[in-house]
Amino acid sequence: MTKAVKTQLDSDFEELSAKKSWYAIFFELVRKQPLAAAGGFIVVVMILMAAFADLISVYDPEANALEYMLVPPDEMFFLGTDQFGRDVLTRIIYGARTALTVGFTAAIVGSTAGLVIGVASAYFGGVIDLVVQRIVDVVMAFPLIVLALAVVATLGPGTQNVIIAIMIPFIPQCARVVRSNALAIREIPYVDAARALGFSNTRIILRHMIPNVMAPYLIMLTSFLGQAILLEASLSYLGMGVQEPTPAWGLMLQGGAEECAESAPWVAIWPGLAITLAVFGFNLFGDGVRDTLDPKLRSR
Amino acid sequence: MKFSLTKLAVSGAVGLCLAVAGTSISKAGSPKSGGVLNFVVGSKIPSYDGHKETTFGMIHPIRPFYSLLIRVNPSNPSSPTDFVCDLCEGDVPKPTENGTKYTFKIRSGVKFHDGTPMTSADIKATYDKIIFPPEGIPSSRKAFFKAVKSVTAPDANTVVFKLKFPTGSFIPALATPFNFVYSKKDLDTHGLKWHQKNINGTGAFSFVQHQKGAFVEGKKFADYHHKGQPYLDGFKAISAPKLAVRVAAIRGDRAAIEFRGFPPKHRDDLVKALGKKITVQESDWNCVLLATPNQEHKPFDDARIRQALTLSVDRWGGSKYLSRIAIVKTVGGVVFPKHPLAANMDELVKLKGYSKDLNASRAEAKKLLADAGVDKMPGGLNVDFNNRAVDQPYKVVGTWLIDQWKKVGINATQRVQPSPQFYATLRKKGDFDVSVDFNCQSVINPIADITKFLGSAGNNYGNYEDAELEAIYEKILRSGSESEQRSLIRKYETRALSEQAHIGVTLWWYKINPHRSYVKGWSIAPSHYLNQSLDNVWLDK
């Protein structure tokens with residue numbers, strides 16, 4: 001059995017952990033990757049918001065309070081209220097739950113499916129590789145948002161369908177990147193040795209190839225997270241994603257937010273800022289992961 | 001005769017009220033010819049067939065291609081009694097044979113856009129399709145013409161409508177702007193569904209192109225039968241489903257007008273930004289949003305569940321607050337609220353869901369739900385709620401309704417769909433528990449307008465039969481006095497909205513049309529379907 005290639009992160013971590021306490025390690029990583037740390041901080045805050053939304057917020061994110069409609073930010077409603085009198089801050093906090101649910105599910109399922117397809121395509125080669133890669137070419141020919149719109153138009157709106165719509169375009173993207181790495185690994189002697197020992201194809205793919213393409217997989221996964229959140233917001237904004245009264249950032253930008261853009265700008269500004277921050281955070285974090293895991297970028 | 005005079009007086013009073021309600025009527029000068037009118041439309045076109053469709057998404061871009069037998073006076077569209085001939089000649093005829101026969105003289109020299117001369121045979125073929133459609137041919141206003149026995153064309157210039165009994169609702173029904181006159185040749189040659197995808201009318205404009213999802217374009221029809229008209233060289237109906245885009249289009253002068261209506265906030269924003277370059281016309285609106293339970297889906301076949309749905313809704317509170325952000329305003333029953341046949345306050349509060357004591361209503365709703373066994377349902381009562389992807393007022397009212405129902409423990413999941421899919425769900429699939437629906441009529445004609453609540457009506461999607469309601473309606477239709485009609489309509493209303501709660505009436509609409517001041521000749525009507533032929537519109541540029 002082979003072992004996964006040791007990454008720079010592993011080396012750094014081992015080196016640091018051998019000498020220092022956990023908080024020293026943490027600050028050392030922050031010093032080495034300050035932008036990634038900033039991104040990670042945003043991601044952690046989002047996750048905490050989503051997880052503890054019920055505890056953080058005192059208002060119901062869906063209940064109308066029409067007597068408080070379009071109240072500007074004040075001590076009662078820190079970020080103001082929307083056209084149905086709902087607290088904007090509460091809906092942003094609960095919206096993180098929607099964004100993360102859609103983002104993580106679509107990114108993880110999409111990139112994992114891409115990982116398996118990419119590695120299998122590289123391992124089997126020949127006609128299978130040819131057919132799979134042509135299908136990948138076809139799917140990748142469509143811009144991300146267009147493909148997602150087409151899928152959601154076919155399946156209909158709703159959280160579950162939005163996840164599927166976002167997930168599908170991610171599969172070929174990840175499969176293509178992973179395949180290129182897997183092609184190199186396929187030629188390494190230990191794969192031949194595994195074959196010679198009579199291991200099944202499934203075992204060789206799962207135990208010997210996939211662990212060695214984890215670096216590109218993780219890079220793709222983290223980059224997909226930001227994209228997925230942005231896509232979910234885009235679809236919801238276009239009315240094809242999550243539906244009212246579910247709190248979702250993209251949804252908060254449409255309807256009343258557009259109508260009140262001049263007289264109640266807070267209705268649109270805060271969810272817009274939440275989307276920007278979330279995508280920014282995930283992208284920074286993803287870049288940090290890439291810089292750490294990609295040997296070509298590591299020396300720069 | 002007594003009936004006709006009463007009817008006339010009632011309608012006249014309504015017309016006066018509506019005329020006064022219009023806050024600003026465009027000042028007419030001498031019409032100038034030329035120019036292309038760009039206007040924005042907030043909904044897509046399900047099909048081109050006026051007889052089938054019920055949406056402004058079709059009427060605004062397609063109506064200018066067609067003519068009607070008679071129409072509401074385009075110079076006075078607020079009046080429910082001012083009808084003028086379009087394809088007929090002279091004045092709108094008076095009935096003969098005790099009010100059961102109407103003889104129309106048809107204009108000569110009228111041509112369809114393909115060059116075919118228009119005759120009485122085309123009128124007969126059109127109304128046969130509307131009133132007596134064969135199985136499988138949709139006709140949304142079939143119920144308006146329940147009194148019609150036959151349509152005949154004794155010669156090329158005469159059409160005769162024979163009624164089973166005299167009714168004041170017949171002439172307003174004829175003037176409905178959806179009654180596009182089609183060519184008999186097209187119907188005979190291509191079939192009764194041809195007009196769903198093709199256009200050939202006698203209207204002021206001929207069809208140039210329809211870029212789906214983008215625009216519909218028409219050009220001036222040189223052989224139009226109203227001489228000197230149209231004044232415009234053409235029009236472009238630009239599809240803009242998002243309200244913000246429509247407002248921006250008018251603000252940026254990429255479109256001059258939107259004929260449906262804007263919420264108060266946008267009126268204020270546009271006036272503030274453009275000052276005298278914007279003219280605002282306002283009117284009460286013969287349009288109401290409904291919540292229709294699908295009685296083929298359990299447990300919505302149970303009247304207690306339907307009553308709970310309507311009892312949970314705070315109409316008075318909704319009116320107060322939603323009117324600030326949406327194009328809805330007035331609490332009412334089945335009849336246009338400003339009409340003398342409409343329920344007054346004392347009558348309204350007796351209906352389920354209209355009481356001023358909201359807590360009592362909601363307590364009753366909860367009790368009814370418990371009696372109907374909702375407590376024993378796993379997860380409670382979950383409603384698949386079909387809605388239309390049009391911001392105003394569908395999505396606003398839809399979100400409000402979900403919140404209202406939640407207050408008595410009814411959970412609704414909203415399924416917002418673009419217009420074609422929304423209609424497909426209502427008409428074909430029927431896969432909804434409750435759907436947003438609407439009763440938007442053109443000419444104010446309560447006796448015809450309330451047919452929407454009949455299970456037998458072509459545009460009723462509740463999937464129910466109610467013989468008692470049908471019987472009350474038959475009496476209304478044949479009633480000769482206003483007081484008797486009024487009393488019968490109350491019975492009808494109580495049956496439809498309270499006892500059976502077949503449909504939940506939400507709030508009646510309020511129409512606000514801010515438009516570029518250079519658009520002249522167009523006057524607001526109490527309906528966004530009326531006065532859309534565009535033959536009298538001109539640009540003062």
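Trainee: What does the domain assignment of chain B give?

Mentor: Domain 1 covers 6-256 + 518-539 and domain 2 covers 284-510; the bounds come from an automatic or database domain assignment. This is a predicted model, in which local features need pLDDT of at least 70, side-chain atom pairs count only at pLDDT 80 or more, and totals for chains, interfaces and linings use all residues. Residues are numbered from 1 along each chain as its sequence is written, while chains are lettered from A and ligands numbered from 1 in the order in which they are written.

Trainee: How many residues of domain 1 of chain B are in contact with domain 2 of chain B, and what makes a contact?

Mentor: A contact requires the C-beta atoms of two residues, placed from the backbone, to lie within 7 Å. By that rule 39 residues of domain 1 of chain B meet 33 residues of domain 2 of chain B. On the domain 1 side, α1 (2-21) and α4 (170-174) of chain B are the elements that give two or more residues, and α1(B) gives the most, with 7. Helices (H or I, at least four residues) and strands (E, at least two) are DSSP runs, numbered from the N terminus.

Trainee: Why is chain B called as compact as a globular protein of its length?

Mentor: The globule rule is 2.2 Å times the number of residues to the power 0.38, and the radius of gyration is taken over C-alpha atoms. For 541 residues the rule gives 24 Å; the radius of gyration of chain B is 23 Å, close to that value, so chain B is as compact as a globular protein of that length. The C-alpha trace of chain B spans about 70 × 60 × 45 Å along its principal axes. Chain B has 16 helices and 18 strands.

Trainee: Why is S283(B) called buried?

Mentor: A residue is buried if 20 or more other C-beta atoms lie within 10 Å of its own, exposed if 12 or fewer, and partly exposed in between, with C-beta atoms placed from the backbone. S283(B) has 24 other C-beta atoms within 10 Å, so the residue counts as buried. S283(B) sits in strand β11 (residues 278-293) of chain B. Of the 541 residues of chain B, 58% count as buried.

Trainee: How many residues of chain B are in contact with chain A?

Mentor: 21 residues of chain B contact 18 residues of chain A. α12(B) supplies the largest share of the chain B side, 6 residues.
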